[in-house]
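Hi everyone, thanks for making time. I have one model to walk you through today, so please take a moment with the picture before I start.

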Amino acid sequence: MCGIAGIAVAPGSPPPEEERIRAMCAALVHRGPDGEGIETRGNVGLGMRRLAVIDVEGGGQPIANEVGSIRVVFNGEIYNYRELRRDLEGRGHRFRTAADTEVLVHLYEERGEGMLPLLNGMFAFALHDERRARLLLARDHMGIKPLYWSAAPGLFLFGSEVKALLASGLIRPSLDLEGLAELLAWEYVPGAGTLMREVHKLEPATFLDLDLRSLEARRERYWRIPPPGEAYGGAEPRTDAEWEDAVDGKIGECVRRQMVSDVPLGALLSGGVDSSLVVAAMGEARTFSIGFDDPTYNELPHARAVAEHLGVSNRSETIRPDIGDLFEKLMPHLDDPIGDFSVFPTYLVSRLARDEVTVALTGDGGDELFGGYETYLAREKAVLWERIPRWIRRGVLEPAVLALPPSPKKKGFVNKARRFAQGMAEDRALGHARWRIFAGDALRRALFTDEALAALARPAETHVLDLRREAEGRDETDRALFVDARSYLVDNCLVKVDRMSMACSLEARVPLLDRELVELAFRMPSRLKVSGGKTKRLLKSVARRHVPPRCVDRPKEGFSIPIKHWLRRELKPLLLDRLAPERIRREGVFRGETVERLVREHLEGRENHSHVLWTMLVFEDWRERWSV
């Protein structure tokens with residue numbers, strides 16, 4: 001696991017300055033504390049920071065082919081590198097290291113960008129082909145590892161994090177207001193965008209081919225999520241039991257494949273279905289769990305029960321963090337900000353694990369592959385709800401529900417009913433995603449100034465609507481899963497896990513997003529995932545084979561924190577400072593009176609605006625920290 005960075009300049013320009021690349025790498029030292037590699041050749045400079053996991057002594061980068069004409073810097077793991085290496089050696093290639101990185105240069109010699117569908121792993125890499133004057137950037141099939149880029153006349157930059165690009169001193173960032181509208185709506189900026197006009201994400205399963213003679217770039221997808229029913233090779237499962245066996249077996253295979261490591265390895269265990277299945281497939285394992293002293297946000301009893309049943313070690317802690325100090329520690333790692341406040345527990349459990357291991361497996365991805373979110377059920381309920389005459393729904397029931405005061409219980413009926421009514425007010429063309437919106441169109445119009453609204457040419461819902469159009473022909477459940485896998489998973493969940501684990505120099509692996517399991521899951525009939533008012537049906541059946549039913553058949557908790565209470569207590573001074581009306585008015589993006597109302601209603605307990613207020617707090621800190 002590493003952090004990578006680089007600069008390419010137009011032919012005839014002075015070569016990239018090594019000190020700029022060194023500064024970019026210094027911004028990524030948390031991703032790779034074990035070493036640095038910097039090399040400039042011609043009009044391309046490559047740099048990396050290394051976290052040594054495979055071939056600890058010999059895997060330094062950049063790594064080149066036999067004659068030095070092709071070199072690569074790489075972040076991630078290639079889980080099938082041994083099989084690929086054997087085939088390449090059979091074709092006459094000679095290897096100097098035992099690292100998975102070296103497979104990339106030799107496979108590229110054989111296949112060019114056609115190598116990418118052959119890779120099973122999580123990766124982001126930059127490969128310089130000096131003879132062909134080409135720089136190839138690529139990102140893994142699901143976007144587990146990040147990669148950002150920026151282009152200007154005569155200049156191209158890339159890096160594992162936005163802060164690396166900024167550290168070059170070659171970018172003067174400016175705020176992308178449409179990205180900000182998306183951040184408020186979804187708590188992340190989807191697709192290729194960021195909050196900076198000048199910085200872009202390379203999307204999952206995509207490569208960028210840069211012609212180093214003209215600095216013109218071509219981007220292309222090399223893999224797509226398969227539709228249900230498409231044959232995946234071998235005997236196609238037909239009965240429910242056959243599908244259950246196939247998923248159970250594939251999870252075990254994927255977990256074992258991702259346990260390759262030359263350094264200590266463990267797992268993050270929440271006690272939920274997904275992480276429990278991963279730990280069950282590991283056999284012996286060191287597991288790590290945290291909980292908060294607020295009993296409604298504490299899953300430790302479930303994690304301990306799973307660990308005891310599986311006979312694995314479990315180090316767990318009940319935490320009452322210094323939230324102000326933690327805020328200052330984490331915000332530098334949100335240079336591409338998200339509003340998901342589960343960054344806190346993700347960081348804390350990663351820090352706990354890093355005391356003992358360098359690599360940790362997680363259960364991320366199970367909800368998006370197998371239908372674990374309540375928004376999928378909300379869509380089913382909406383069909384029944386819309387049978388009620390519109391004048392009764394809109395004129396009586398929905399206003400009555402929204403007038404109810406929020407419940408102090410995290411998963412209380414009132415809160416669920418209010419959230420359902422809020423989602424029903426959004427565009428039905430969004431499908432299940434209308435229950436994912438935190439700042440809908442009406443609130444965004446109330447929040448933004450007239451000048452900011454005039455600059456918004458693209459609705460914040462555009463990306464999700466585009467994905468739903470791409471998923472036409474799939475049934476509604478599979479369509480929802482497709483949208484979440486291409487949006488919420490990659491631009492929120494995986495960002496959270498990558499940034500918070502890397503903040504601790506911990507490599508997090510996600511075996512449930514192994515390409516083979518993803519392909520199997522999306523070919524499965526959707527009725528085995530969500531139907532009859534139940535979520536994650538088949539995966540829960542698989543889980544019951546391995547862990548106690550009481551750990552499976554319980555309400556979904558989510559890896560969350562008592563943020564609504566923290567905003568009223570520990571974070572109140574920060575909230576009042578960063579969202580002070582005079583400051584908001586001076587910046588000219590938000591209406592001071594609207595922000596003031598949201599803060600007042602939340603602090604008085606009349607409304608729960610925690611999602612919007614936290615996202616705005618993160619944004620204001622981000623803007624000040626990066627001088628945007």
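**Around helix 1**

Let's begin with helix 1 (residues 18-26): what covers its buried residues includes strand 1 (2-9), strand 2 (35-41), strand 3 (44-50), strand 9 (155-159) and helix 4 (162-167). Those buried residues are Ile 21, Met 24 and Cys 25. Seen down the axis of helix 1, they fall within an arc of 100°, so they line one face of the helix. The arc, by the way, is that of the directions from the helix axis to the C-beta atoms. As a reminder, an α-helix has 3.6 residues a turn, so residues three or four places apart point the same way.

Some housekeeping. This is a predicted model, where local features need pLDDT of at least 70 and side-chain atom pairs count only at pLDDT 80 or more, while totals for chains, interfaces and linings use all residues. Residues are numbered from 1 along each chain as its sequence is written, and side-chain values use heavy atoms, with hydrogens and water left out.

Helices (H or I, at least four residues) and strands (E, at least two) are DSSP runs, numbered from the N terminus. Buried means under 20% relative accessible area, exposed over 50%, and partly exposed in between, with a 1.4 Å probe and protein chains only. Contact means heavy atoms within 4.5 Å.

**The whole chain**

How many helices and strands are there in the protein chain? There are 27 helices and 17 strands. The radius of gyration is 24 Å, close to the 25 Å that the globule rule gives for 628 residues, so the chain is as compact as a globular protein of that length. That radius is taken over C-alpha atoms, and the rule is 2.2 Å times the number of residues to the power 0.38. Along the principal axes, the C-alpha atoms fill a box of roughly 75 × 60 × 45 Å. Buried residues account for 62% of the 628. If we take contacts between residues at least 6 apart in sequence, 71% of them join residues at least 24 apart.

Next, please find the open sheet of 5 strands, which run in the order 15-14-13-16-17 with parallel pairing. Which strands stand at the edges? They are strand 15 (313-319) and strand 17 (507-509); each has a single partner strand, so one side of each is left without a neighbour in the sheet. From one strand to the next, the twist averages 30°. Two strands count as paired if DSSP finds at least two bridges between them. Strand 14 (residues 286-292) pairs with strand 15 over 7 bridges, and Ile 290 has Glu 317 in strand 15 as its bridge partner.

Helix 7 (residues 273-282) lies across strand 13 (265-268), strand 14 and strand 16 (359-361), and runs at about 155° to strand 13. For such angles, axes are lines fitted to C-alpha atoms, for helices over the stretch in contact, and values run from 0 to 180 degrees between N-to-C directions.

In strand 17 we find Glu 507. Is Glu 507 buried or exposed? Glu 507 is buried, with a relative accessible area of 0%. Its side chain makes a polar contact with the side chain of Arg 509 at 2.5 Å. A polar contact is a pair of N or O atoms within 3.5 Å; within protein, one must be able to donate a hydrogen and the other to accept it, and residues adjacent in sequence count only if both atoms are side-chain atoms.

**A hairpin and some loops**

Strand 11 (206-211) and strand 12 (216-221) pair in the antiparallel sense over 6 bridges, and Leu 208 is bridged to Arg 219 in strand 12. The two strands form a hairpin with 4 residues between them, and Leu 215 in the turn has a positive phi of about 60°. Leu 215 counts as buried, at 16% relative accessibility.

Lys 536, in the loop between helix 20 (515-523) and helix 21 (537-544), also has a positive phi, near 55°. Lys 536 is buried as well, at 6%.

Finally, a cis peptide bond joins Gln 61 and Pro 62, with omega about 0°, and Pro 62 sits in the loop between strand 3 and strand 4. In the loop between strand 4 (63-64) and strand 5 (70-78) is Ser 69, which is buried at 9% relative accessibility. Beyond its neighbours within four places in sequence, Ser 69 is in contact with Arg 41, His 128, Asp 129, Glu 130 and Arg 131.
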